[in-house]
Amino acid sequence: MKMNHVGIMVGNMDKAVEFYTKALGLRVVMNNTKVIEERGSAIGRMCIAVFGEGFKGFNIAHLVTSDGIGVELFEMVDREERHHVDFSRLGIFHFCLQLPKEQFDTAIKRVEEYGGKVRMDIHRYHPEDELKQAQMVYLEDPFGNLFEFYSHSYEDTYASDYE
């Protein structure tokens with residue numbers, strides 16, 4: 001099994017597409033499209049099954065990372081403007097993008113320029129070992145959705161001794 005895509009709720013589709021393309025470098029596959037609640041099409045029936053009766057519709061955009069992972073952005077008609085992080089609740093709380101550590105500073109500046117926020121200083125997993133250079137940092141998009149930058153693959157980061 002491999003990862004195909006992730007869906008993210010956003011508060012403003014135009015701002016979200018701008019952030020995810022210009023700050024994070026994703027590419028638009030299908031731009032902002034309106035979906036209404038209806039039973040006349042397969043997609044309409046599927047949306048009612050997923051979101052329930054009375055979801056009122058949404059805007060959706062499909063983007064893709066440089067390695068082909070899809071990112072669906074959802075702007076529901078009935079929504080909050082910002083995600084409120086609550087670490088006591090179950091569910092997915094972040095996603096992670098990989099880029100070389102030499103690109104962290106430039107990428108972080110773009111995140112801030114397009115309305116995102118840095119949540120911590122860049123952290124090095126093994127500061128005592130010069131041979132292990134894996135770094136990470138947590139950030140958030142303009143709507144409070146958390147994400148991370150990793151400098152190394154997930155397996156490379158965790159397949160070594162970790163303290």
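User: This model is predicted. Are Lys-56 and Asp-78 buried or exposed?

Analyst: Both residues are exposed.

User: What joins the side chains of Lys-56 and Asp-78?

Analyst: Start with the general idea. Side chains of opposite charge can pair when their charged atoms come close. Here, Lys-56 and Asp-78 form a salt bridge, at 3.6 Å from N to O. This pair links distant parts of the chain, 22 residues apart. Lys-56 lies in the loop between α2 and β3, and Asp-78 in the loop between β4 and β5.

User: How many salt bridges are there?

Analyst: The count is eight. One of them pairs Lys-101 with Glu-102, with the closest N and O atoms 3.4 Å apart.

User: Why does Lys-101 count as partly exposed?

Analyst: Exposed means over 50% relative accessible area, and buried means under 20%. Lys-101 counts as partly exposed because its relative accessibility is 27%. Glu-102 has 60%, so Glu-102 counts as exposed.

User: Which residue forms a salt bridge with Arg-124?

Analyst: Glu-130 does, and the closest N and O atoms are 3.6 Å apart. Arg-124 is buried, at 19% relative accessible area. Glu-130 is exposed, at 57%. Elsewhere, Glu-75, Arg-79 and Glu-81 belong to one network, joined by salt bridges that share partners.

User: Which residues make the nonpolar surface patch of about 280 Å²?

Analyst: Ile-43, Met-46 and Val-50 make this patch. Take Val-50 as the example. Val-50 sits in helix α2, which spans residues 42-51. Its relative accessible area is 56%, so Val-50 is exposed.

Key:
Residues are numbered from 1 along each chain as its sequence is written. This is a predicted model: local features need pLDDT of at least 70, side-chain atom pairs count only at pLDDT 80 or more; totals for chains, interfaces and linings use all residues. Side-chain values use heavy atoms; hydrogens and water are left out. Patches are made of residues with over 30% relative accessible area and no salt bridge: like charges are joined within 9 Å, nonpolar side chains (Val, Leu, Ile, Met, Phe, Trp, Tyr) within 5 Å. Accessible areas come from the Shrake-Rupley method with a 1.4 Å probe; for residues, only the protein chains shown count as cover. A salt bridge is a side-chain nitrogen of Lys or Arg within 4 Å of a carboxyl oxygen of Asp or Glu. Helices (H or I, at least four residues) and strands (E, at least two) are DSSP runs, numbered from the N terminus. Buried means under 20% relative accessible area, exposed over 50%, partly exposed in between (1.4 Å probe, protein chains only).
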